[in-house]
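Please keep the 3D view open as you go through the points.

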Amino acid sequence: MLLGLCSALRSRALLLPLTPPPRTRTATLRRHTWPRATSSLSSPPPPEMEASTYKFGPYRIDAREVFHATPLSYAMVNLRPLLPGHILCFDIVITEIYMKRFTDLSTGETSDLWVTAKEVGVRLEQYHKASSLTFAIQDGPQAGQTVPHVHIHVIPRRKGDFENNDEIYDAIDVKEKELKEKLDLDVQRKDRTMEEMSHEANEYRALFS
């Protein structure tokens, strides 16, 4: 009798529809990872990036001057460098909004900008056979900022390049004012030509390939 009951139960089990177990919705924590400054421009950026991304405050920057970029920051050659290898690092301008002060940057933007400055500085120090680096930010008009857009001066240094080392900060102030006067690309440049700056940018771009 017991054997017959087991056979009946087995037969009924074969007739039951096979239904998957109910799905349970689980919450997934998604951590946003900010991109590191490791991707460089091996060729000029697409046209849609040129107009909206490469700007210094309200001024547009020719993409030929840009030699390294990440999704959040970029580095460009300088119109009037203090010393060989003196370049500028900026945060990316998105939808015409640019950050005026260093304190306006988000944590991710701050990290990316400094990583960009570090990686650019390391390569330029080696390229120019320098022995040190100056990183400088003029954060606000009273600090010497003439164009309201966060940027870092990265300058390879050698022994004796300035008689008094602190003179470089006065020189940065002077160059900052001069740069503002020359930034509008519709005005004819009186300093380095675009060909000279583009050539320098190409050499620096190769350092990231």
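This is a predicted model: local features need pLDDT of at least 70, side-chain atom pairs count only at pLDDT 80 or more; totals for chains, interfaces and linings use all residues.

**Sheet and cores at a glance**

Thr 134 stands opposite Ile 155, a residue of β7.

- β6 and β7 run antiparallel and are joined by five bridges.
- These two strands belong to an open sheet of five strands, ordered β3-β4-β5-β7-β6, with antiparallel pairing.
- The edges are taken by β3 (66-69) and β6 (132-136); each has a single partner strand, so one side of each is left without a neighbour in the sheet.
- From one strand to the next, the twist averages 25°.

**The helix on the sheet**

- α5 packs on the sheet, where it touches β3, β4 and β5.
- The direction of α5 makes about 35° with that of β3.

**The nonpolar cores**

- The largest nonpolar core has 18 residues, and Phe 67, Ile 87, Cys 89 and Val 120 have the most contacts inside it.
- Two or more residues of this core come from each of these elements: β4 (73-77), β5 (87-91), α3 (107-127), β7 (151-157) and α5 (194-206).
- With four residues, α3 gives the most to this core.
- There is also a second, separate core of 13 residues, including Tyr 54, Val 66, Phe 90 and Ile 92.

How values were computed:
Residues are numbered from 1 along each chain as its sequence is written. Side-chain values use heavy atoms; hydrogens and water are left out. A nonpolar core is a set of buried Ala, Val, Leu, Ile, Met, Phe, Trp, Tyr and Cys residues joined through side-chain atoms within 4.5 Å. Buried means under 20% relative accessible area, exposed over 50%, partly exposed in between (1.4 Å probe, protein chains only). Two strands pair if DSSP finds at least two bridges between them. Axes are lines fitted to C-alpha atoms, for helices over the stretch in contact, and angles run from 0 to 180 degrees between N-to-C directions. Contact means heavy atoms within 4.5 Å.
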